[in-house]
Protein chains: 4
Amino acid sequence: MSEPLRGIIPPLITPLKDRDTLDREGLERLVEHLIKGGVSGLFVLGTTGEGPSLSYRLRRELIEHTCKLTKGRVPVLVGITDTSFTESVNLARYSAEAGATHVVLAPPYYFPAAPPEMLEYVQDLVTEMPLPLFLYNMPGLTKVSFETDLVRRALDMPGVCGVKDSSCDMIYFHRLIEVAKQRPDWSVLVGPEELTAEAVLLGGHGGINGGANLHPELYVKMYQAAATQDLQRTRELHAEVMRLAGSIYTVGRHKSAIIKGIKCALSILGICEDHMAEPFHRFRDAERGIIRERLVNLGLIS
Amino acid sequence: MSEPLRGIIPPLITPLKDRDTLDREGLERLVEHLIKGGVSGLFVLGTTGEGPSLSYRLRRELIEHTCKLTKGRVPVLVGITDTSFTESVNLARYSAEAGATHVVLAPPYYFPAAPPEMLEYVQDLVTEMPLPLFLYNMPGLTKVSFETDLVRRALDMPGVCGVKDSSCDMIYFHRLIEVAKQRPDWSVLVGPEELTAEAVLLGGHGGINGGANLHPELYVKMYQAAATQDLQRTRELHAEVMRLAGSIYTVGRHKSAIIKGIKCALSILGICEDHMAEPFHRFRDAERGIIRERLVNLGLIS
Amino acid sequence: MSEPLRGIIPPLITPLKDRDTLDREGLERLVEHLIKGGVSGLFVLGTTGEGPSLSYRLRRELIEHTCKLTKGRVPVLVGITDTSFTESVNLARYSAEAGATHVVLAPPYYFPAAPPEMLEYVQDLVTEMPLPLFLYNMPGLTKVSFETDLVRRALDMPGVCGVKDSSCDMIYFHRLIEVAKQRPDWSVLVGPEELTAEAVLLGGHGGINGGANLHPELYVKMYQAAATQDLQRTRELHAEVMRLAGSIYTVGRHKSAIIKGIKCALSILGICEDHMAEPFHRFRDAERGIIRERLVNLGLIS
Amino acid sequence: MSEPLRGIIPPLITPLKDRDTLDREGLERLVEHLIKGGVSGLFVLGTTGEGPSLSYRLRRELIEHTCKLTKGRVPVLVGITDTSFTESVNLARYSAEAGATHVVLAPPYYFPAAPPEMLEYVQDLVTEMPLPLFLYNMPGLTKVSFETDLVRRALDMPGVCGVKDSSCDMIYFHRLIEVAKQRPDWSVLVGPEELTAEAVLLGGHGGINGGANLHPELYVKMYQAAATQDLQRTRELHAEVMRLAGSIYTVGRHKSAIIKGIKCALSILGICEDHMAEPFHRFRDAERGIIRERLVNLGLIS
């Protein structure tokens with residue numbers, strides 16, 4: 001039985017030159033920045049990666065390229081969430097052939113499936129998966145959750161290897177931890193970086209944290225402090241993460257501020273371009289100026 | 001300046017043999033059933049058509065086939081709603097080449113765009129459209145609306161030809177009617193069939209009603225009664241529509257009961273198969289028995 | 001068996017001199033303005049009346065005074081909605097003693113009762129009512145609905161005399177009409193004035209419309225046109241109501257804009273003061289200026 | 001400057017003989033049970049106490065009695081949340097006269113106040129308070145939050161002494177902790193018991209946890225372990241709390257299951273009666289049997 005994945009696995013933003021053109025040099029710099037920063041894996045085509053906004057052609061290009069650039073140094077996780085079962089299977093197969101190590105699946109997000117429908121959906125899908133699957137709970141965007149009863153049923157599905165939870169509901173997360181105890185190979189990871197400290201202190205395996213795109217070392221150190229039960233250090237690093245999130249994610253008034261902020265900051269850091277796929281557009285000069293100023297205050301640029 | 005589309009335009013269910021195989025004979029029977037029933041157009045790949053659940057290959061097959069079977073007898077509208085701008089444009093182009101007459105677009109449904117982001121999205125997309133575009137308001141599934149301010153801005157976009165509203169919010173619908181008065185070529189259509197009578201009585205142009213898959217004549221007669229201001233007849237036919245909806249859409253406890261009910265009933269009527277694409281599955285025998293009984297009560301089978 | 005209540009029953013705003021002082025002269029002018037305008041009843045302590053924001057002492061004063069001023073010329077309905085069963089019963093008893101004719105009850109609005117809990121609640125409460133009771137569906141503010149199944153059960157409760165629906169969901173409203181056909185003494189009334197035309201055209205008994213505070217004749221005429229099936233006239237008057245609502249309810253960005261707008265306009269019309277009870281405050285000068293301008297445009301002042 | 005309140009402050013259920021009769025002997029046993037269990041204060045008329053469901057007469061009786069029974073041994077906090085400003089002030093004054101030490105205020109819960117309206121509301125109310133005030137964030141039941149911007153403004157309001165957060169949103173909670181650092185006399189407390197461990201590990205002052213009604217020692221020990229940074233012990237006790245909550249709060253399908261479960265368990269433990277105020281009723285025999293069994297499994301009865 002394999003070991004669970006542990007640590008910080010950043011959900012990579014997708015470096016773009018325009019809505020349908022990958023910034024390949026940017027992707028290379030980003031991959032090196034993250035691996036150098038000590039991350040435990042790379043997750044592409046998640047929410048932070050604007051997965052659902054990208055064409056299928058571009059998604060395949062990104063998968064292929066990320067695997068090539070990573071060269072097996074860390075696991076590569078690929079988001080295969082889709083409203084179409086067939087397209088999810090297609091993406092999973094492509095990912096396996098390209099050399100990815102895991103796939104990540106949130107509920108189909110147009111029609112909200114009721115719990116028994118969702119269970120049947122997961123059961124059907126798992127049998128078609130060529131790679132271990134993470135269930136990705138993201139009710140804020142998919143409208144429905146993977147309920148803990150479903151997760152309990154998934155303990156018996158050989159293809160499932162864990163859960164990523166981005167619900168912001170730590171009661172749910174603690175229940176996941178309890179459920180997952182029966183599968184010591186499972187990994188229970190948390191999405192929002194503001195919650196990684198407590199998630200790990202109380203039994204979680206790590207974080208899929210957007211801010212780690214920017215400053216992977218900070219998140220890796222926070223994870224390590226929490227994993228080694230160094231509470232004082234965890235609190236300090238958690239406060240730093242709160243400061244980064246409170247600075248970079250709060251420019252502009254829309255929910256898209258988080259992804260826009262990360263992309264803009266990476267562009268200022270010289271790592272990659274900050275184009276976005278619709279329905280979003282990158283920050284204009286005014287917001288970019290504020291992000292730059294905040295990066296200075298955070299000590300990330302001078 | 002062209003005339004607005006008026007009348008009943010059914011959102012076709014997608015006849016399937018399995019999750020990724022079109023029931024071509026079923027589609028042919030359905031198209032003939034509807035055109036014979038007097039409908040003013042056919043709308044494929046909408047919500048009732050499980051559009052987002054189908055593979056892109058199947059969506060293209062369905063578009064091509066519907067256009068071929070229709071042979072220009074009525075307009076063919078194609079749903080191009082997608083979380084990816086590029087895939088929406090691809091579908092629109094394919095639709096134009098296949099001979100469709102209009103495209104229909106709901107907001108991208110993974111990331112909720114804020115009003116200014118949505119406006120920019122629509123502006124960008126309209127310039128790429130090879131066919132007239134209906135805005136499709138469906139906040140229950142897309143999380144966000146096309147606000148009336150955006151619709152007002154769309155009056156100046158040459159490619160837009162109307163709005164379909166499935167919000168169930170008749171106050172919003174009445175505001176749409178007011179706004180659209182400035183564009184006499186626009187069509188303002190309502191989704192839920194329970195609301196078509198009042199929509200047309202108070203100035204709307206027709207309905208995109210799921211139940212018209214089953215019994216197109218009923219919906220066409222109700223539309224005509226309302227359009228000719230025959231209030232007594234409208235009330236009688238509205239009561240019949242309420243009875244049909246109350247019978248066929250209320251088997252099973254989940255929100256999917258509407259599409260499942262229509263597909264099951266069409267299968268019992270001998271029109272097409274009732275397979276579904278995940279995350280749904282067709283009704284089992286118990287529910288099928290109830291639907292059959294209700295079709296008898298409605299006088300649709302003996 | 002009695003006749004159902006029909007027509008326009010305005011939900012009176014509560015004229016206040018400050019948060020806990022009734023503007024008695026204003027109330028008198030308002031009552032005369034409405035009765036002169038042809039309304040079929042007066043409803044105090046509803047949502048528009050800021051019922052839940054008022055002290056119990058003030059609520060009793062308002063009930064007593066309204067009944068005295070009305071002198072039996074029209075029915076007086078009193079909102080007794082409360083999170084406390086005991087306080088609802090207390091208010092109902094006080095209303096009966098003061099000479100009111102009906103009470104109006106929305107679901108308790110702190111704890112959301114599940115359907116079986118709500119049924120038990122209504123069953124318990126009805127037995128304590130000294131006056132006929134309207135069920136008041138207002139899910140936007142009470143979080144839960146009176147489901148149609150509960151309304152069907154209420155057909156057998158002698159004390160219930162109808163439903164007021166402010167859900168803005170006309171599918172629900174049409175189902176209410178169907179259900180209520182078994183109780184010819186029941187009245188099914190709609191809250192939002194934008195929906196009164198279609199509600200009455202398709203079988204409803206009238207409207208409890210906030211805007212009727214301002215211009216009762218308009219609403220009464222619209223009701224009469226719809227009740228006599230004069231469709232052309234109904235459409236014209238509906239368009240006027242839409243214009244009034246679109247003018248007076250859209251100043252300021254918050255949901256409170258409707259009540260604030262009505263109170264401000266009544267104050268400009270010289271009918272009563274426009275103080276409000278917390279959590280709201282009346283419009284300041286800037287908004288008041290806009291309301292005044294719009295009243296001019298509507299022809300309500302010169 | 002005073003010290004912040006720290007530790008476990010149970011939100012007392014309200015022992016009832018029927019909807020409007022206090023179980024005084026039960027209240028006495030409950031107060032002794034809790035003080036003996038080491039709690040840092042008693043909070044009456046909160047959500048768990050069914051505050052909004054009780055008549056004002058009963059609320060006053062409960063306040064008076066709790067203060068008398070407590071005899072100053074621990075602080076007594078009183079919930080004064082109300083949709084009527086005037087009634088909130090009345091309750092606060094009564095509480096002060098009765099000997100309570102703090103009042104607790106959630107947003108008015110009928111009309112959702114927008115942020116600027118809420119700020120004005122809090123500013124107005126604070127000036128009328130005879131006792132230090134806790135802001136109580138409970139968006140699941142009040143529909144709106146006390147946003148962090150408002151809390152920041154409240155730092156300058158002398159009458160405010162802290163925040164109780166029951167949003168289940170730990171990102172919000174961590175932001176509260178940051179904000180409150182400027183007021184070393186403030187106390188930031190968390191509602192849901194499943195979150196008390198992490199709240200205290202990362203800087204919070206304690207928990208207002210419903211389950212502490214049942215087993216105060218467990219919650220007090222968990223608080224102390226977290227407050228003294230004994231991580232291993234905190235994890236064990238947190239797991240025990242999760243087990244208690246997972247056992248007692250999951251009988252019955254409705255949201256009311258938590259309060260019903262606590263009351264039923266206290267009745268089985270011989271502490272007080274388990275009547276409830278509408279819209280709820282206590283568990284029937286079937287559910288009571290399950291609760292009894294689970295209390296055995298938890299080792300709370302034999």
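1. Let's begin with chains that stay apart. Chain B and chain D do not touch, and their nearest C-alpha atoms are 16 Å apart. Chain A and chain C likewise have no contact joining them, with 16 Å between their closest C-alpha atoms. Please keep in mind throughout that this is a predicted model.

2. Now to a pair that does meet, chain C and chain D. Here 44 residues of chain C are in contact with 43 residues of chain D. The area buried between the two is about 3,900 Å², and carbon and sulfur atoms give 60% of that area.

3. H4(C) gives the most, with five residues. By class, this side of chain C divides into 19 nonpolar, 11 polar and 14 charged residues. One salt bridge to look at is the one in which the side chains of C:Arg284 and D:Glu120 meet, at 2.6 Å from N to O.

4. While you are at helix H4 of chain C, have a look at C:Pro115, which is found in that helix. C:Pro115 counts as partly exposed because its relative accessibility is 44%, and the cut-offs for that class are 20% and 50%. In sequence C:Pro115 and C:Phe146 are 31 residues apart, yet their C-alpha atoms are 7.9 Å apart in space.

5. Chain C also meets chain B. The contact takes 23 residues from each of the two chains. Between them they bury about 2,100 Å², with 62% of it on carbon and sulfur atoms. C:Ile171, C:Leu202 and C:Leu231 supply 25% of the area that chain C buries against chain B, more than any other three residues.

6. Turning to polar features of the same interface, there are two salt bridges between chain C and chain B, and four residue pairs in polar contact (both at pLDDT 80 or more). Helices H7 (170-180), H8 (196-201) and H10 (231-248) of chain C are the elements that give two or more residues to the side of chain C that touches chain B. H10(C) gives the most, with six residues. That side of chain C has 11 nonpolar, five polar and seven charged residues.

7. One salt bridge between these chains joins B:Glu194 and C:Arg175, whose closest N and O atoms are 3.9 Å apart.

8. C:Arg183 sits in the loop between H7 and strand S9 (187-190) of chain C, and C:Arg183 is buried, with a relative accessible area of 11%. The side chain of C:Arg183 reaches the backbone oxygen of C:Met157 at 3.5 Å. Leaving aside residues up to four places away in sequence, C:Arg183 touches C:Ala154, C:Leu155, C:Met157, C:Pro158 and C:Val160.

9. Over all chains, the structure holds 76 salt bridges. In chain A, the side chains of A:Arg57 and A:Glu61 meet in one of them, at 2.9 Å from N to O. These two residues are separated by about one helical turn because they are four residues apart in helix H2 (residues 56-70) of chain A. A:Arg57 is partly exposed, at 38% relative accessible area, while A:Glu61 is buried, at 15%.

10. Another chain A salt bridge is formed by the side chains of A:Arg59 and A:Asp82, at 3.6 Å from N to O. A:Arg59 lies in helix H2 and A:Asp82 in the loop between strand S5 (76-79) and helix H3 (85-98) of chain A, so this pair ties together parts that are 23 residues apart in sequence. Both A:Arg59 and A:Asp82 are buried.

11. Last, the nonpolar core. The largest one has 391 residues, and of these B:Ile80 and D:Ile80 touch the most other members. Not counting residues up to four places away in sequence, the residues that D:Ile80 touches include D:Leu91, D:Val103, D:Leu125 and D:Met129.

Technical notes:
Residues are numbered from 1 along each chain as its sequence is written. Chains are lettered from A and ligands numbered from 1 in the order in which they are written. This is a predicted model: local features need pLDDT of at least 70, side-chain atom pairs count only at pLDDT 80 or more; totals for chains, interfaces and linings use all residues. Side-chain values use heavy atoms; hydrogens and water are left out. Contact means heavy atoms within 4.5 Å. Buried area is the accessible area (1.4 Å probe) that two parts lose on being put together, summed over both. A salt bridge is a side-chain nitrogen of Lys or Arg within 4 Å of a carboxyl oxygen of Asp or Glu. A polar contact is a pair of N or O atoms within 3.5 Å; within protein, one must be able to donate a hydrogen and the other to accept it, and residues adjacent in sequence count only if both atoms are side-chain atoms. Ala, Val, Leu, Ile, Met, Phe, Trp, Tyr, Cys and Pro count as nonpolar, Asp, Glu, Lys and Arg as charged, and the others, Gly among them, as polar. A nonpolar core is a set of buried Ala, Val, Leu, Ile, Met, Phe, Trp, Tyr and Cys residues joined through side-chain atoms within 4.5 Å. Buried means under 20% relative accessible area, exposed over 50%, partly exposed in between (1.4 Å probe, protein chains only).
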